[in-house]
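Please walk through this protein model with the questions and notes below.

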Amino acid sequence: MLPPLYDQKSRIKLLVLVMALLIAGATVIYTNVLVQRLSEREQSQIDLYAKTLRYIINTEDTKNLPFLQEQIIEANTTIPVILTDGENINDAKNLGLGTHLPAADSVRRMNEVLQEMQKRHPPIVIELAGGTRNYIFYQDSRLLRQLRTYPLAALAVIASLGIMAYISFSYSRRAEQNRVWVGLAKETAHQLGTPLSSLVGWQEYLRQSERFQDEPIVEELGKDIRRLEIITERFSNIGSVPVLKAENLYQTTRNAIAYLESRVSRKVKFTIETDLPLDTPACLNVPLFDWVVENICKNAVDAMDGRGSITLRLRRVKPRRQWWRRRAPHPQVAIDITDTGKGIPKNKLENVFMPGYTTKKRGWGLGLALARRIIENYHEGRLFVKWSEVGKGTTFRLVLNQ
């Protein structure tokens with residue numbers, strides 16, 4: 001079964017997502033409240049601006065004009081306003097156009113800003129003596145416009161930091177897992193080396209002994225020794241860069257199955273089918289490739305309780321283009337390994353590749369995790385569950401470059 005950490009993975013993700021949504025929601029709501037308050041304040045300020053301007057234009061009392069001009073009219077340094085008579089622009093303030101523009105360009109730009117203002121807010125009408133009218137158009141200050149976009153910018157920053165943190169932690173976790181895998185594999189290969197050397201010596205002693213002349217047990221012992229040598233080589237390749245060669249895919253797969261056929265129940269039938277020419281090559285490392293096929297097939301035998309069929313079909317697949325690589329992808333071939341076992345529930349399809357996941361009473365749950373690591377990390381291929389149905393069976397697809 002899965003360790004508690006993996007078993008609670010979905011709940012942890014959901015909890016983090018809910019917390020992120022709550023923080024984002026609170027940020028948006030609070031910012032909207034600030035925007036609304038600032039917008040109301042600017043509305044009041046522009047209303048006062050209009051009343052003051054109306055008073056200055058219509059009054060004959062010049063005593064308070066300097067005060068009103070300085071404290072209200074000139075005090076507006078943030079809200080863009082344009083004063084028109086309905087046809088012409090009489091005055092403009094805080095448009096941010098600068099003084100370097102030619103007169104014609106300045107007028108054209110002010111008309112563009114005026115059109116934007118007309119879409120934003122209705123004009124404030126100033127009744128003048130003689131029945132004429134002026135109109136004040138305005139738009140939000142730069143601070144208010146920035147505050148409106150602040151939640152999006154803040155959410156983008158939070159999302160970016162979250163993605164960076166997730167990538168960083170994922171990379172750190174994978175790096176730690178890699179070190180564990182490599183250390184375990186190297187130590188296993190080292191531990192196998194001593195008894196293996198001893199077994200080679202004992203086999204040679206038995207061969208030279210008259211008592212064991214022509215005994216088949218000596219040759220069978222030799223087969224097991226060669227098998228241990230292959231296993232040792234496999235573990236030694238973990239952590240180092242394996243040598244990939246163009247190997248005959250059909251023959252290599254046939255050899256991997258031949259070893260298993262003589263060591264599993266005779267009630268399990270192995271079949272290899274191919275849609276490819278028999279000499280089709282694939283870029284692989286034979287010891288590691290054999291290991292992957294054996295792990296998948298052994299799991300299939302267990303899922304069938306030692307009775308059923310395992311079919312391996314070789315076929316060509318369309319390579320996936322990876323957006324970060326400019327060069328065209330390599331041609332690819334696939335091996336579909338189908339069994340007639342118990343099948344895998346849909347909610348467990350990805351769990352089968354997690355270290356520690358197993359449905360067996362005695363098992364480490366490392367076989368498929370190691371198989372995927374070998375294919376994806378060392379062969380730049382893919383290993384995934386192509387199809388599975390409870391009570392009918394499972395198909396694993398193994399994709400390799402040519």
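Where is Leu 349 found? Leu 349 sits in the loop between strand S9 (332-339) and H9. Helices (H or I, at least four residues) and strands (E, at least two) are DSSP runs, numbered from the N terminus. The model is a predicted one, in which local features need pLDDT of at least 70 and side-chain atom pairs count only at pLDDT 80 or more, while totals for chains, interfaces and linings use all residues. Residues are numbered from 1 along each chain as its sequence is written, and side-chain values use heavy atoms, with hydrogens and water left out.

Leu 349 has a relative accessible area of 25% and is therefore partly exposed. On this scale, buried means under 20% relative accessible area, exposed means over 50%, and partly exposed is in between (1.4 Å probe, protein chains only). Not counting residues up to four places away in sequence, Leu 349 touches Ile 344, Val 385 and Ser 388, where contact means heavy atoms within 4.5 Å. Phe 384 is 35 residues from Leu 349 along the chain, and the C-alpha atoms of the two are separated by 8.7 Å.

For the protein as a whole, there are 9 helices and 11 strands. Of its 402 residues, 35% count as buried. Among contacts between residues at least 6 apart in sequence, 68% join residues at least 24 apart.

The next topic is helix packing. Helix H7 (residues 249-261) and helix H8 (residues 286-303) have axes 10 Å apart and pack at an angle of about 55°. Axes here are lines fitted to C-alpha atoms, for helices over the stretch in contact, and angles run from 0 to 180 degrees between N-to-C directions. H7 and H8 are therefore oblique to each other; angles under 35 degrees count as roughly parallel, over 145 as roughly antiparallel, 65 to 115 as roughly perpendicular and the rest as oblique. The crossing of H7 past H8 is right-handed. A crossing is right-handed if the near helix is turned clockwise from the far one by less than a right angle, and left-handed if anticlockwise.

Which residues of H7 and H8 make the contact? From H7 they are Leu 249, Thr 252, Thr 253, Ala 256, Ile 257, Tyr 259 and Leu 260, and from H8 they are Val 286, Phe 289, Asp 290, Val 293, Glu 294, Cys 297 and Lys 298. Sorted by class, this contact has 9 nonpolar, 2 polar and 3 charged residues. Ala, Val, Leu, Ile, Met, Phe, Trp, Tyr, Cys and Pro count as nonpolar, Asp, Glu, Lys and Arg as charged, and the others, Gly among them, as polar.

Thr 252, in helix H7, has a relative accessible area of 7% and is therefore buried. Its contacts, not counting residues up to four places away in sequence, are Glu 247, Leu 284, Val 286, Phe 289 and Asp 290. In helix H8 is Pro 287, which counts as buried because its relative accessibility is 15%. Leaving aside neighbours within four places in sequence, Pro 287 is in contact with Glu 233, Arg 234 and Asn 237.

H8 also packs with helix H9 (residues 367-378): their axes come within 9 Å and cross at roughly 145°. This crossing of H8 and H9 is left-handed. Leu 288, Trp 291, Val 292, Asn 295, Ile 296 and Asn 299 of H8 meet Gly 367, Leu 368, Leu 370, Ala 371, Ile 374, Ile 375 and Tyr 378 of H9. The contact of H8 with H9 has 10 nonpolar, 3 polar and no charged residues.

How many residues are in the largest nonpolar core? The largest nonpolar core has 47 residues, and those with the most contacts inside it are Leu 249, Ile 310, Leu 398 and Leu 400. H8 supplies the largest share of this core, 9 residues. A nonpolar core is a set of buried Ala, Val, Leu, Ile, Met, Phe, Trp, Tyr and Cys residues joined through side-chain atoms within 4.5 Å. Leaving aside neighbours within four places in sequence, the contacts of Leu 249 include Leu 276, Phe 289, Leu 314, Val 333 and Leu 400. A second, separate core of 14 residues includes Ile 73, Val 81, Ile 124 and Ile 126.
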